[in-house]
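Work through the exercises below with the structure in view. Each task is followed by a solution in steps.

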Amino acid sequence: MIIIKRNIIFIFTILIVIGIIISTTIEINNSYKTINHQYNNSPQIWPAPFHSQLGNNSILISNKFNFTIISKSTLLLNKTLSKYYNLIFTQDNLINSASNTLNELNINLKSINETLKFGIDESYKLIIKNNGISILEGNTVYGIMRGLETFYQLIKFNFGDNSYYIENCIPLLIIDKPRFPHRGILLDTSRHYYSVKTIFKVIESLAYNKFNTLHWHIVDSQAFPLSSKSYRNLTNGAWSKHEIYSYYDIKRIINHGKENGIRIQLEIDMPGHAKSWSVGYPDLLPHGWDDPSINCPNYDVPLDPSSPLALEISLALLLEFSGNDYENFNLNQDNDNSSNKITVDNLFHVGGDEIEYQCWNNSKRIKDWMNDNNLKSFEDVAKQFQLNVLNQLLKIGKIPVLWEDSFKLFFNDLPKDVIVEVYHQQSTAVNATNNGYNVLVSLSSYWYLEYSYSNWERAYSYEPTLNISKSNIHLILGGEGAIWSESIDSSNLFQKLYPTSCAIAERLWSPIDYTNSSNAKQRLENFRCSLLKRGITASPLNNSSPLHSFSCYNS
């Protein structure tokens with residue numbers, strides 16, 4: 001008898017749950033309108049979401065509103081919720097809580113694993129119903145971050161009655177995920193130094209755009225600001241003793257990246273672009289490089305691979321900045337211990353571009369070394385050096401990234417584990433994927449941000465999978481905009497970054513059919529205003545600076 005009663009109760013409970021699901025489905029089907037990606041009535045979200053269904057109603061947000069965690073919590077989740085609460089609610093809210101106001105957003109975090117590396121799950125689902133019931137779900141805290149940015153962009157403030165509200169889209173369902181797993185901006189800190197505070201601000205702005213990677217091009221021929229505890233004289237090549245990134249600075253930047261869902265991918269370019277290395281260690285450069293007759297460019301001298309120190313220092317730097325403890329990163333730990341290396345990203349960029357072979361012409365040491373090692377050409381010298389570097393990275397569990405020059409040098413002899421970053425022609429991306437290589441795209445004619453012709457519409461017009469065969473599209477892992485800093489420093493950095501990088505962000509996050517810049521313009525104007533509101537000094541859409549008086553919503 002007891003068993004029968006229990007079975008009846010169980011069946012009754014199941015029927016109730018099924019009834020709730022059916023009624024919710026009916027409400028969704030009756031109340032939502034599915035949004036065609038290319039029309040102006042799509043939600044004013046940047047970058048545009050993967051899928052959205054919107055109603056026509058508005059809802060007020062009460063002054064008792066809070067984020068309510070209905071799952072397991074973490075310190076990072078709480079910190080993220082607090083950050084977005086403070087970003088959203090900057091004015092007095094006079095709307096009291098009621099049955100028809102939005103009083104809370106329930107947060108459902110499905111996994112407390114906060115490992116931040118290539119391939120993280122950034123998907124989320126946001127639901128807000130007519131009765132104010134709402135939920136934000138994410139498989140990871142990084143998905144919750146992306147969903148909170150969407151929620152932030154939905155909210156408006158009425159100065160007439162001191163009220164926060166969401167307009168003309170309730171009930172709302174957004175199911176969102178990125179199109180590509182790698183979405184980044186390269187920041188060059190060699191040609192101009194940027195303070196840690198400025199880099200923090202860059203990281204925050206990347207998160208607002210739903211990027212997930214800061215490609216930190218930290219050293220180059222012009223300056224070596226990266227502190228090394230293995231080879232301390234390398235920072236003699238910094239611009240000055242005040243323009244150096246200490247271990248503590250680097251850890252703070254990595255930590256701030258994690259707090260914003262931004263991977264910090266380090267690039268130590270080798271063997272080219274190495275003149276700054278030689279200020280502390282002169283024997284690293286080829287003998288006789290400065291002889292005018294060989295036309296070695298003063299600003300782009302490569303390492304001398306025959307120097308005993310060249311490979312030694314290069315491999316030591318890879319080890320020093322290749323920790324793998326992504327989950328237990330400690331900002332205050334002492335990294336002198338070899339088991340506590342600085343953990344950056346699981347992708348490690350080692351350059352490999354623009355090796356000026358003529359700089360090796362005058363070096364008897366290089367030519368003798370080539371004979372001893374049966375190397376027939378300078379190309380063979382470069383290959384041997386890079387294979388040593390790549391094997392070291394693979395041995396310590398990193399995924400090497402190289403500029404396209406190395407693919408052109410090795411072609412099919414390049415290890416298949418390497419990611420090729422293409423920056424000249426789309427045909428190189430086609431060629432690399434046809435030969436089985438994973439590719440990142442950063443075409444200079446579209447996504448290099450320092451050029452005078454760079455603008456958001458040009459950036460928006462580029463499709464990363466252009467001419468890639470259907471069977472190879474999965475090999476395009478994403479891409480990056482690039483800030484090369486010859487003519488950029490902290491005074492104009494954000495004007496150069498935005499709004500052009502916003503266009504890159506949408507092409508990398510949103511579905512492929514978001515291509516119409518005319519339809520995107522209003523959303524981008526709104527988003528630029530939200531960047532300005534948060535202290536990111538983005539340029540107007542149509543010029544590098546304002547030409548006359550206007551609202552930021554019509555720039």
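**Exercise 1. Describe the pairing of E506 and R523.**

Step 1. The side chains of E506 and R523 form a salt bridge, with the closest N and O atoms 2.7 Å apart. A salt bridge here is a side-chain nitrogen of Lys or Arg within 4 Å of a carboxyl oxygen of Asp or Glu.

Step 2. The pair links distant parts of the chain: E506 is in helix α14 (residues 500-509) and R523 in helix α15 (residues 517-533), 17 residues apart. Helices (H or I, at least four residues) and strands (E, at least two) are DSSP runs, numbered from the N terminus.

Step 3. Both E506 and R523 are buried. Buried means under 20% relative accessible area, exposed over 50%, and partly exposed in between, with a 1.4 Å probe and protein chains only.

A note on the source: this is a predicted model, where local features need pLDDT of at least 70 and side-chain atom pairs count only at pLDDT 80 or more, while totals for chains, interfaces and linings use all residues. Residues are numbered from 1 along each chain as its sequence is written, and side-chain values use heavy atoms, with hydrogens and water left out.

**Exercise 2. Find which parts of the chain are tied together by R191 and E486, and by R263 and D345.**

Step 1. The structure holds 19 salt bridges. One of them joins R191 and E486 at 3.0 Å, N to O.

Step 2. R191 lies in the loop between β8 (182-188) and α4 (196-208), and E486 in the loop between β15 (476-483) and α13 (493-497), so this pair ties together parts 295 residues apart in sequence.

Step 3. R191 counts as buried because its relative accessibility is 11%, whereas E486, at 48%, counts as partly exposed.

Step 4. R263 and D345 form a salt bridge with their closest N and O atoms 2.8 Å apart. R263 lies in strand β10 (residues 263-270) and D345 in the loop between α6 (308-320) and β11 (347-351), so parts 82 residues apart in sequence are tied together. Both R263 and D345 are buried.

**Exercise 3. Classify the ring pair of F67 and Y85.**

Step 1. Rings of Phe, Tyr and Trp (its six-membered ring) pair if their centres lie within 6.5 Å; planes under 30 degrees apart count as stacked, over 60 as edge-to-face and the rest as tilted. By this rule the count comes to 28 aromatic pairs.

Step 2. F67 and Y85 are 6.4 Å apart, centre to centre, with 80 degrees between the planes, and the pair is edge-to-face.

Step 3. F67 is in strand β2 (residues 51-69) and Y85 in helix α2 (residues 75-88), 18 residues apart. F67 counts as buried because its relative accessibility is 13%; Y85, at 30%, counts as partly exposed.

Step 4. Ring pairs link F67 and Y85 into a cluster with F65, F89, F151, F157, F159 and Y164.

**Exercise 4. What does I166 touch?**

Step 1. Contact means heavy atoms within 4.5 Å. Not counting residues up to four places away in sequence, I166 touches N57, S58, I59, I61, L102, I128, F151, L154 and I155.

Step 2. I166 and F151 are among the residues with the most contacts inside the largest nonpolar core, which has 143 residues. Such a core is a set of buried Ala, Val, Leu, Ile, Met, Phe, Trp, Tyr and Cys residues joined through side-chain atoms within 4.5 Å.

Step 3. Over the protein chain, buried residues make up 56% of the 555 residues.
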